[in-house]
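Hello,

Here is the structure I promised to pass on to you. Have a look at it first, and then read on for what turned up in it.

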Amino acid sequence: MTTEELKQRVCEAIDAHAERIIGIGESIWNNPELGFKEVKTARLVAEVFQELGLPHRTGIALTGVVAQMGAGRPGPNVAVMGELDSLNIPGAPHADPVTGAAHSCGHNAQIAEMLGVAIGLHASGVMSELSGQVTFMAVPAEEYVEIEYRNGLREQGKIEYLGGKQEFIRLGEFDQVDAAMMVHLANKVEGKPGIKVGGTSNGFFGKLVRFVGRPAHAAGAPDKGINALNAATVALTAINAQRETFRDEDHIRVHPIITRGGDLVNIIPADVRMETYVRGKTVPAIIDANRKVNRALRAGAMALDAAVEITEIPGYLPQLPSDALTELFRANAISLAGPDQVADAEHGAGSSDVGDVSHLLPTIQPTFGAVEGRFHGEDFKIVDRQMAYIEPAKAMAMTVIDLLADGGAKMAAVKSAFQPVYTREDYLQMWREVMAE
């Protein structure tokens, strides 16, 4: 059977199970969970793997689930990934009324797409014609939120990194993987191509900041206190004064929040806390901006005679493209949607731990336009279920077939065109050294 015939069979199988795949995505949409807490979502994933008869492991990086599907002969290993977590958007109409969690970034679709690939490959029987295996990864905690909570998990020794794929790297889950892929949703824009391939994205460092002052009566004896909130305010102003020094081509983004502004309104604030990212297109640019931000934080403390504690947290690396893998995916996307519906992605200012994976092995994260509203906003909603759940599953399944057909010849070409930046050991050491500075 030819590769194109295998692709046709897997697409037909995915179409035949479309209602089931969409139902999975909608079920996850209605049960959002924050990172490293995705118990219900992980259970659903494991149940689907169980139904398909796939050997799988649970509890990886606390809530992750990994399954393997073998082909008829030995060969390469392709990872298909999806992210388990949601965001915290309490005002969203689809938010969990108790936790405030909401899928305002479309990770529910990623899990459905990933399981759609598994369902399609299994139901079509095409794996018997291929070589190697597919590793399905339901990964926790891509959204870099609740930093204090996650740092607490880190201090307890439950995790070392705050992102799920980073933890998967640390735990060796990618050691035997030759290439990895996943799909992210994007806004649906009338008259514009719905599928974007390639592109790069920012990386970032994370940080926790604590300003320590001296409490005193806010009206009767303010001169006896040291106002940590004012120190934080001066620091924020100093950060803003640095913005004109950030080069446009470095795509620097700094967006701090105050998570604790004081204790009581009639007491001079003495314990004020902030979280922030420092994002950029390259690691050197991030390091430069990070030093400027730290100078501003210290300046704010010095101005008010307060103290400041800065805790550096491993962030995410910029995403690097795999051109060879991108071209395979592009061809499959064109066969599904037509050439006018597939375009090159531009650089994205956001960040993902898929960037970390892309430094170790060929990795892609194309986007499919299927939503309206603001990402990470209250009005985010999926408006095209076919483009959100079904077409991405088909495109990834077709690309898997490309990579595992003919004894893995195309996978060999993809790997030969890729130069890894790090081994796993070098990657882990890099982050440890950066955060020790």
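A word on names before we start: helices (H or I, at least four residues) and strands (E, at least two) are DSSP runs, numbered from the N terminus. Please also keep in mind that this is a predicted model.

With that numbering in hand, let's begin at Cys105, which is found in the loop between strand 5 (101–102) and helix 4 (107–124). Is Cys105 buried or exposed? Its relative accessible area is 9%, and under 20% counts as buried, so Cys105 is buried. Leaving aside neighbours within four places in sequence, Cys105 is in contact with Leu87, Glu143, His184, Phe375, His376 and Phe380. Ala186 is 81 residues away from Cys105 in sequence, yet their C-alpha atoms are 8.9 Å apart in space.

Six strands make up an open sheet with mixed pairing, and their order is 1-2-6-3-7-16. Strand 1 (56–60) and strand 16 (363–364) are at the edges with a single partner strand each, so one side of each has no neighbour in the sheet. As a general point, strands of a sheet pair through backbone hydrogen bonds, either parallel or antiparallel.

With strand 2 (residues 64–70), strand 6 pairs in the antiparallel sense over six bridges, and Ala67 stands opposite Phe136 of strand 6. With strand 3 (residues 73–83), strand 6 pairs in the parallel sense over eight bridges; here Asn77 has Gln133 in strand 6 as its bridge partner. Strand 6 is also mostly covered, with eight of its nine residues buried. Towards the edge formed by strand 16, strand 7 (residues 179–181) runs parallel to strand 16 and is joined to it by two bridges. Met181 has Ile364 in strand 16 as its bridge partner.

Two helix pairs are worth a look as well. Helix 3 (residues 39–51) and helix 4 cross at roughly 10°, and their axes come within 11 Å. Angles under 35 degrees count as roughly parallel, so helix 3 is roughly parallel to helix 4. Leu44, Val45, Val48 and Phe49 of helix 3 make the contact with Ile111, Met114 and Leu115 of helix 4. By class, that contact has seven nonpolar residues, no polar and no charged ones.

What is the angle between helix 9 (residues 323–337) and helix 11 (residues 385–404)? They pack at about 130°, with their axes 9 Å apart, which makes helix 9 oblique to helix 11. The crossing of helix 9 and helix 11 is right-handed. Among the residues that meet are Leu325, Phe329 and Asn332 in helix 9 and Lys394, Met398 and Asp402 in helix 11. This contact of helix 9 with helix 11 has eight nonpolar, three polar and three charged residues.

Finally, the backbone. Most residues other than glycine have a negative phi. Leu62 is not a glycine, but has a positive phi of about 80°. Leu62 sits in the loop between strand 1 and strand 2, and is partly exposed at a relative accessible area of 35%. Asp406, also not a glycine, has a positive phi of about 55°. Asp406 is in the loop between helix 11 and helix 12 (409–416), and counts as exposed at 64% relative accessibility.

Enjoy exploring!

Best wishes

Technical notes. Residues are numbered from 1 along each chain as its sequence is written. This is a predicted model: local features need pLDDT of at least 70, side-chain atom pairs count only at pLDDT 80 or more; totals for chains, interfaces and linings use all residues. Side-chain values use heavy atoms; hydrogens and water are left out. Axes are lines fitted to C-alpha atoms, for helices over the stretch in contact, and angles run from 0 to 180 degrees between N-to-C directions. Angles under 35 degrees count as roughly parallel, over 145 as roughly antiparallel, 65 to 115 as roughly perpendicular and the rest as oblique. A crossing is left-handed if the near helix is turned anticlockwise from the far one by less than a right angle, and right-handed if clockwise. Contact means heavy atoms within 4.5 Å. Ala, Val, Leu, Ile, Met, Phe, Trp, Tyr, Cys and Pro count as nonpolar, Asp, Glu, Lys and Arg as charged, and the others, Gly among them, as polar. Two strands pair if DSSP finds at least two bridges between them. Buried means under 20% relative accessible area, exposed over 50%, partly exposed in between (1.4 Å probe, protein chains only).
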